[in-house]
Structures are given as structure tokens and as C-alpha cells.
Amino acid sequence: MTPPVTSIPHEDPQAARKAAYQAAHQAEITAALLGLSRPLDATSRMLTIAALVVLILLAVQPEAPSLWIPLTLSIVFGIAEYVFALRCAFDAPLFASWARRWEQGILPPDDLAAFDVAIRESGLGHQPTPTRPLADRTAGARRLLRYQCRCLAGQIGGWLGALGVLFIF
């Protein structure tokens, strides 16, 4: 395993170029991982809409009131999943853009510092001091995808609970 890129020596162009390529590949891999968010989100939306439809149908027939708990839980997990999916959808093109820029020779630390200033000035966040390295940003992206998977698992669990209630009662 190679150590994460923390700084790129400005004095040695060969080393700077190699580190920029390494950072570009790391950003490409992260963008690809974040792209996995789309099918997870599509599955989650389907489950959320189905839970809403079933709950609406249950409102007409109040004989099965115990189903509303697991289906509501599934909807809540679906909403949380959507929040993580939005963030993944926001971050994926950023990592892809960084990869393209760094392959062209732009130094990653300078680019990330400029990005943090732009985020702060746009009102979308604060500028960390010092600028977060790419390894931290990649770990954050993996964490977002992991949370999204957990929310989808919670949704599936809600549906399994609803099915269990149907077969038990």
C-alpha cells in the first residue's frame, strides 16, 4: 500500500508529476466509488415509493395497523439514504474533475486549497485550516457511501419487518 499524498515537492518536477498522477488516480477511484451511489439510490427510491403506496392503502383499510411502524421506518431510512445520495452525487464530479486537472499537471495541494476557498466563499462550507489532504476527503467519500448502504439496509429491514408482521398476524 502506498502512503497517501500529503504534499508534493515543488523543487523536484519529476516527483511532483509522479505525486500528481498518484493523486489523480486516487481521485478517479473515489469518483468511481461514488458512482455506485446511483443504483443504491434507485433501489431506495423504489422501496420508499412502495412503502408510501402501501401506507396509503392501509389508511383506507385500518385492519393492519401494525404494518405502519416498519413501513414508516423504511421511509425514514429512505429519506436519510437520499440525503447521503445527494452528497455522493455532489462529490463524484468533483473528484472526477480533480483527477482530470491533476493529470494535466496542476498540483493537488494548491488545487485543494483553492477549492476550499471557493467552497467557503460560496457559503457551502468552511475552510479548514490547514487544507484537508486528499486522503481525508477520500475517506469521507467512502464514509458517505457506507452510510448510504446502511440506510438502504435499514429500509430493507423495514420491509422484512413488514413482511414478518403480515405472516405472523
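Analyst: The answer goes from the whole chain to the pocket, then to its charged pairs, and then to the packing around them.

The model is predicted, so local features need pLDDT of at least 70 and side-chain atom pairs count only at pLDDT 80 or more, while totals for chains, interfaces and linings use all residues. Residues are numbered from 1 along each chain as its sequence is written, and side-chain values use heavy atoms, with hydrogens and water left out.

The protein has 5 helices and 0 strands, and from the N terminus on its elements run α-α-α-α-α. Helices (H or I, at least four residues) and strands (E, at least two) are DSSP runs, numbered from the N terminus. Of the 169 residues in the protein, 35% are buried. Buried means under 20% relative accessible area, exposed means over 50%, and partly exposed is in between (1.4 Å probe, protein chains only).

Now the pocket. Rolling a probe the size of a water molecule over the atoms shows where empty space is left. The search uses a 1 Å grid over the protein atoms alone: a cavity is a set of points where a 1.4 Å probe fits but cannot get out, and a pocket is an open set with protein on both sides within 12 Å along at least five of seven lines. Lining residues have an atom within 4 Å of a point. Grid points are joined across faces, edges and corners, and a volume is the space filled by probe spheres set on the points.

The largest pocket holds about 460 Å³ of space. It is lined by 19 residues, and those closest to its centre are Arg87, Asp91, Phe115, Arg132 and Arg137. H3, H4 and H5 are the elements that give two or more residues to this lining, and H3 has the largest share, with 6 residues. By type, the lining residues divide into 10 nonpolar, 3 polar and 6 charged. Here Ala, Val, Leu, Ile, Met, Phe, Trp, Tyr, Cys and Pro count as nonpolar, Asp, Glu, Lys and Arg as charged, and the others, Gly among them, as polar.

Next, the charged pairs. Side chains of opposite charge can pair when their charged atoms come close. A salt bridge is a side-chain nitrogen of Lys or Arg within 4 Å of a carboxyl oxygen of Asp or Glu, and by this rule the count comes to 5 salt bridges.

One of them joins Asp91 and Arg87, with 3.1 Å from N to O. These two residues are 4 residues apart in helix H3 (residues 68–103), so about one helical turn separates them. Asp91 is buried at 8% relative accessibility, while Arg87 is partly exposed at 44%.

Arg137 forms a salt bridge with Asp116 (2.7 Å, N to O). This pair links distant parts of the chain, since Arg137 is in helix H5 (residues 134–168) and Asp116 is in helix H4, 21 residues apart. Both Arg137 and Asp116 are buried.

A further salt bridge is between Asp111 and Arg101, whose closest N and O atoms are 2.7 Å apart. Asp111 lies in helix H4 (residues 108–122) and Arg101 in helix H3, so this pair ties together parts that are 10 residues apart in sequence. Asp111 is buried at 7%, and Arg101 is partly exposed at 32%.

A nonpolar core is a set of buried Ala, Val, Leu, Ile, Met, Phe, Trp, Tyr and Cys residues joined through side-chain atoms within 4.5 Å. The largest such core has 17 residues, of which Ala27, Leu34, Phe95, Trp98, Trp102, Leu112 and Leu134 touch the most other members. Helix H1 (13–35), H3, H4 and H5 each supply at least two residues of this core, and H3 gives the largest share, 6 residues.

Contact means heavy atoms within 4.5 Å. Not counting residues up to four places away in sequence, Leu134 touches Ala23, Gln26, Ala27, Phe95, Trp102 and Leu112. There is also a second, separate core of 13 residues, which includes Ile75, Leu145, Trp159 and Val165. Over the whole protein, residues 24 or more positions apart account for 72% of the contacts with a separation of 6 or more.
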